Amino acid sequence: MSALAYEKVWLDKTIYNDAERNYYESLSKMDSVATLAGVPNTELTNKVKSLEKENSDLKKAIDDLRNLVISLQARVETLEVNNSSKPTLTSAAKPQPPPAAASQDSDDGVDLFGSDDEEESAEATKLREERLAAYNAKKAKKPALIAKSNIILDVKPWDDETDMAEIEKAVRNIATDGLLWGAAKLVPLAYGIHKLQISCVVEDDKVSVDWLTEEIEKIQDYVQSIDIAAFNKV
């Protein structure tokens with residue numbers, strides 16, 4: 001006891017207790033770390049595997065591109081070699097026209113090819129002339145279209161005592177080639193006066209409207225005026 005009285009361990013027991021606790025706590029932490037290190041991390045493992053797969057795919061793609069470039073380069077070199085080996089077409093190598101045929105002997109003066117062309121040309125000309133003649137003959141037989149007009153005239157008398165029958169008779173007496181008179185009727189005007197409305201068909205090339213109206217106006221004993229009521233092409 002007297003020996004232990006000089007030891008300070010008992011006085012510093014609290015310090016030693018704290019040191020012992022810290023020691024065991026550190027051991028416990030190290031065991032926890034070791035335990036965590038031994039447990040596999042699934043998420044991390046999957047990510048690592050994914051990166052490894054992507055790396056492998058990229059490497060394969062790069063290899064494929066490298067092989068393609070090498071193949072294209074080889075094809076280009078082959079084409080260049082083939083083109084360089086082909087002979088260029090120079091003036092000496094250009095195809096020359098066949099030499100002119102030797103002149104024929106004086107006894108042989110017949111041009112067989114020329115005679116064939118002349119015979120064909122003569123036959124074609126003859127055939128064309130025959131067709132033109134047939135077309136012209138057919139066209140000549142076809143009757144020409146005659147332009148005609150249908151005219152309705154209003155012939156007015158002087159007064160109500162004018163003989164309308166005489167007016168119609170005098171009008172119809174106007175005759176010429178290309179003039180054909182049609183129906184006629186009396187149309188009342190006013191104060192017992194009637195006008196003669198008469199139709200006719202004229203050929204435009206032979207009879208003019210001005211000529212026809214002038215001829216009717218010459219009947220001065222019966223006709224006071226004349227008007228064109230209608231004018232139609234037939």
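Two strands are counted as paired if DSSP finds at least two bridges between them. In this predicted model, β1 and β4 meet that description, pairing in the antiparallel sense over nine bridges. Within this pairing, K156 stands opposite S225 in β4.

The two strands belong to an open sheet of four strands, in which the order is β2-β3-β1-β4 and the pairing is antiparallel. The edges of the sheet are formed by β2 (179–190) and β4 (223–233); each has a single partner strand, so one side of each is left without a neighbour in the sheet. From one strand to the next, the twist averages 20°. Helix α5, comprising residues 209–217, packs on the sheet and touches β1, β2, β3 (193–203) and β4. The direction of α5 makes an angle of about 155° with that of β4.

When neighbours within four places in sequence are left aside, the residues in contact with T162 are P157, I167 and Y222. The side chain of T162 also makes a polar contact with the side chain of D159, at 3.0 Å.

Note on methods: Residues are numbered from 1 along each chain as its sequence is written. This is a predicted model: local features need pLDDT of at least 70, side-chain atom pairs count only at pLDDT 80 or more; totals for chains, interfaces and linings use all residues. Side-chain values use heavy atoms; hydrogens and water are left out. Contact means heavy atoms within 4.5 Å. A polar contact is a pair of N or O atoms within 3.5 Å; within protein, one must be able to donate a hydrogen and the other to accept it, and residues adjacent in sequence count only if both atoms are side-chain atoms. Axes are lines fitted to C-alpha atoms, for helices over the stretch in contact, and angles run from 0 to 180 degrees between N-to-C directions.
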